[in-house]
Amino acid sequence: MKGITNDELFKLMDRLSINEIGAFIAGASPSDVFCSYQDKYYLNTNESMPENASEVFSMITKILTRAIIAGELKAQIVMNDNGQNLIQNDLNKDWLAIGTINTAQTTITRNDIKQWLENRGVFPTAFFPNGRKDDYMNPNHDCYSPDLALCVKAWEVAQTAHYDGTTKEFMANWIKQNAQAYKWENHTNPKELMGDTKAKELASVANWNKKGGAAKGNPNLKQPTPPLEPPMPIYDELKINLPQNSSFSSSDNVPF
């Protein structure tokens, strides 16, 4: 009689302890976690694990414990009863006495740990078997879509490109010229390159300028406002308003 696999067992674990999470992220199994005579948990490594599995397990359990204490990660906390620590997150609040967190019994939900990891841009295989979210641009991904990759990249390029004509026209031309680089294939006739109809279809998906109309240069960069001319100095204004021929004569009698 055959039992379930480790992958199937992992899928049944909606709540995981800090130690179990550390083991999975380190590329090991929770059954490889042992407790020393000093009540310290460690990973019993073997050749099938990554070389840094032990260090990763140790660091992950510490990082998760600190995140829980700081209130950055939800958890069902279980404290050890040997000794207490004083903590304070706000100088205006009272000090709190807590014991050390029991990493073997403190648990975190699968969704909470995945969200916490994702927010930090870390995507370990155990929790993200299909890779990170932006792997849709990776042509080696099992779920890679050339159409999607071309639309996304055309949208990005058009943000900073300088072009005349409509945004859709620019995107269609770019998609058509770069289709092969993104492993796009014509399923009707693999020997033929992408045609105008398909390029325009993808450009319509990526186009944000649904109103149409021609755009000059980069439509997303505002043209700089020309600087105002400096005001004319007062003495220049007076000089301009003076008459060409003055009635004043140097031969007139001046009483001083």
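The model is predicted: local features need pLDDT of at least 70, side-chain atom pairs count only at pLDDT 80 or more, and totals for chains, interfaces and linings use all residues. Residues are numbered from 1 along each chain as its sequence is written, and side-chain values use heavy atoms, with hydrogens and water left out.

The secondary structure comprises 8 helices and 6 strands. Helices (H or I, at least four residues) and strands (E, at least two) are DSSP runs, numbered from the N terminus. Along the sequence the pattern reads α-β-α-β-β-α-β-β-β-α-α-α-α-α. The chain has 256 residues, and 29% of them count as buried. Buried means under 20% relative accessible area, exposed means over 50%, and partly exposed lies in between (1.4 Å probe, protein chains only). Contact means heavy atoms within 4.5 Å. Among contacts between residues at least 6 apart in sequence, 55% join residues at least 24 apart.

Axes are lines fitted to C-alpha atoms, for helices over the stretch in contact, and angles run from 0 to 180 degrees between N-to-C directions. Angles under 35 degrees count as roughly parallel, over 145 as roughly antiparallel, 65 to 115 as roughly perpendicular, and the rest as oblique. A crossing is left-handed if the near helix is turned anticlockwise from the far one by less than a right angle, and right-handed if clockwise.

Helix α5 spans residues 146-160 and packs against helix α7, residues 196-206. The angle is about 60 degrees, and the axes are 9 Å apart. The two helices are therefore oblique to each other. The crossing of α5 past α7 is right-handed. On the α5 side, the contact is made by D147, L150, C151 and W155. On the α7 side, K198, L202, V205 and A206 take part. These residues divide into 6 nonpolar, no polar and 2 charged. Here Ala, Val, Leu, Ile, Met, Phe, Trp, Tyr, Cys and Pro count as nonpolar, Asp, Glu, Lys and Arg as charged, and the others, Gly among them, as polar.

Helix α5 also packs with helix α6, residues 167-178. The angle is about 125 degrees, with the axes 10 Å apart. This angle makes α5 oblique to α6. Again the crossing is right-handed, with α5 passing α6. From α5, the residues L150, K153, A154, W155, V157 and A158 meet F170, M171, W174, I175 and N178 of α6. This contact divides into 9 nonpolar residues, 1 polar and 1 charged.

The whole structure holds 5 aromatic pairs. Rings of Phe, Tyr and Trp (its six-membered ring) pair if their centres lie within 6.5 Å; planes under 30 degrees apart count as stacked, over 60 as edge-to-face and the rest as tilted. One of the pairs is F123 with F128, which is edge-to-face. The centres lie 5.0 Å apart, with 70 degrees between the planes. F128 counts as buried, at 10% relative accessibility. Another edge-to-face pair joins W155 and W208, at 6.4 Å centre to centre and 80 degrees between the planes. W155 lies in helix α5 and W208 in the loop between α7 and α8 (234-241), so the pair ties together parts that are 53 residues apart in sequence. W155 is partly exposed at 40% relative accessibility. W208 is partly exposed at 32%.

Three further residues were examined one by one. W116 lies in helix α4, residues 110-119. At 10% relative accessibility, W116 is buried. Leaving aside neighbours within four places in sequence, W116 is in contact with I63, L64, A67, E72 and L73. W116 and L73 are 43 residues apart in sequence, yet 7.0 Å apart in space, C-alpha to C-alpha.

R15 belongs to strand β1, residues 15-17. R15 is partly exposed, with a relative accessible area of 38%. Not counting residues up to four places away in sequence, R15 touches E20, A75, Q76, T107, I108 and T109. R15 and Q76 are 61 residues apart in sequence and 9.4 Å apart in space, C-alpha to C-alpha.

N186 sits in the loop between α6 and α7. N186 counts as buried, at 14% relative accessibility. Beyond residues up to four places away in sequence, N186 touches E192 and L193.
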